[in-house]
Amino acid sequence: MSSGFQSSRRRAWSATLIGLALIATGCATKPSLPPGAHPRVIVDTPRKSDAWRQVATQADEDRLARLDSAWQQALTEAGKSFSTEIRKEGELLKPRAALPRPAPTPGSYNCRLIKLGQASPKTRAFESFKPFFCYIEVEGDLLTIVKQTGSQRPAGRLWEDDVPDRLIFLGSLALGSEDQPVAYGDDPKRDMAGVLERIGPFRWRLVIPWPQSTSKLDVFELTPVAEQPKG
């Protein structure tokens, strides 16, 4: 084989290797951005609801997810015989009444409970109870609600949510002469979950869907006590 032919083969093989190297380099190179463009960095921002979802039981998450259904069923049942009483309550019993900035001011409140819907055929579809006192206070980074009087005294924490016009309530019941309620999650039969919403100037409501009681929806009205204790 002539030396000229071998030289031609070597040159052809070298050109092939160079071409393959250029192709590989081109594949590994990131495409250039147009002039003036900047790369976008997508950050997976934590959701506000992540905090309370880490605490809530699966049963309570399910109750909160079915809040709209609780409103609908409870109002339908109560409206059959108590439509006048429902209208008199105004914004308190309107499902879409929430206003911005739901966080209440710490202090003493007059609280009133209305039960809507029937958990069983033997229970009433509408019940309104006498006012009682409850207290909102600051505990670390969270607000808490505590019912101060009565044989059943709800108490729990308020958590920020991805829905900006509400706070999530997770709590439990203190019964009888107990000084403190059991910790949330320790006794599923006492656990409570709901949403706190502002429905007017100096007026809030705590809505508990599918409570473990005689109703389909419990609605607590909260209004500040006129004479706040000093301290």
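This is a tour of one predicted model, stop by stop, with what to select and what is there.

**Before you start**

Residue numbers start from 1 along each chain as its sequence is written, and side-chain values use heavy atoms, with hydrogens and water left out. Because the model is predicted, local features need pLDDT of at least 70 and side-chain atom pairs count only at pLDDT 80 or more, while totals for chains, interfaces and linings use all residues.

**Stop 1: the whole chain**

Show the chain as a cartoon. There are four helices and nine strands, in the order α-α-α-α-β-β-β-β-β-β-β-β-β from the N terminus. Helices (H or I, at least four residues) and strands (E, at least two) are DSSP runs, numbered from the N terminus.

Switch to a surface. The chain exposes about 14,500 Å², and carbon and sulfur atoms supply 56% of that area; accessible areas come from the Shrake-Rupley method with a 1.4 Å probe, and for residues only the protein chains shown count as cover. Of the 231 residues, 37% are buried. Buried means under 20% relative accessible area, exposed over 50%, and partly exposed in between (1.4 Å probe, protein chains only).

Among contacts (heavy atoms within 4.5 Å) between residues at least 6 apart in sequence, 52% join residues at least 24 apart.

**Stop 2**

Cys 111 lies in strand S1 and Cys 134 in strand S3, so the bond ties together parts that are 23 residues apart in sequence. Both Cys 111 and Cys 134 are buried.

**Stop 3: the cavity beside the cysteines**

On a 1 Å grid over the protein atoms alone, a cavity is a set of points where a 1.4 Å probe fits but cannot get out, and a pocket is an open set with protein on both sides within 12 Å along at least five of seven lines; lining residues have an atom within 4 Å of a point.

The largest cavity has a volume of about 90 Å³, and the structure holds one cavity of 30 Å³ or more. Grid points are joined across faces, edges and corners, and a volume is the space filled by probe spheres set on the points. S3, S4, S5 and S9 each give two or more residues to the cavity lining.

What classes of residue line the largest cavity? The lining divides into 10 nonpolar, no polar and one charged. Ala, Val, Leu, Ile, Met, Phe, Trp, Tyr, Cys and Pro count as nonpolar, Asp, Glu, Lys and Arg as charged, and the others, Gly among them, as polar.

**Stop 4: the largest pocket**

Select Leu 113, Lys 115, Gln 152, Leu 173 and Asp 218. Of the 27 residues lining the largest pocket, these five lie nearest its centre. The pocket holds about 520 Å³ of space. Now colour helix H3 (58-65) and strands S1 (107-116), S5 (152-160), S7 (192-200), S8 (203-209) and S9 (217-224): each supplies at least two residues of the lining. The lining of the largest pocket has 13 nonpolar, five polar and nine charged residues.

**Stop 5: the second largest pocket**

The second largest pocket has a volume of about 390 Å³. Select Val 146, Ala 155, Gly 156, Gln 180 and Pro 181, which are the closest to its centre among 22 lining residues. Strands S3 (132-139), S4 (142-147), S5 and S6 (167-175) each give two or more residues to this lining. Which element gives the largest share? S5 does, with five residues. By class, the lining counts 10 nonpolar, six polar and six charged residues.

**Stop 6: two loops with positive phi**

Select Phe 202, in the loop between S7 and S8. Phe 202 is not a glycine, yet its phi is positive, about 60°. Phe 202 counts as exposed, at 63% relative accessibility.

Next select Trp 210, in the loop between S8 and S9. Its phi is also positive, about 55°, although Trp 210 is not a glycine. Is Trp 210 buried or exposed? Trp 210 is buried, with a relative accessible area of 15%.

**Stop 7**

Finish at Ala 226, in the segment after S9. Ala 226 counts as exposed, at 76% relative accessibility.
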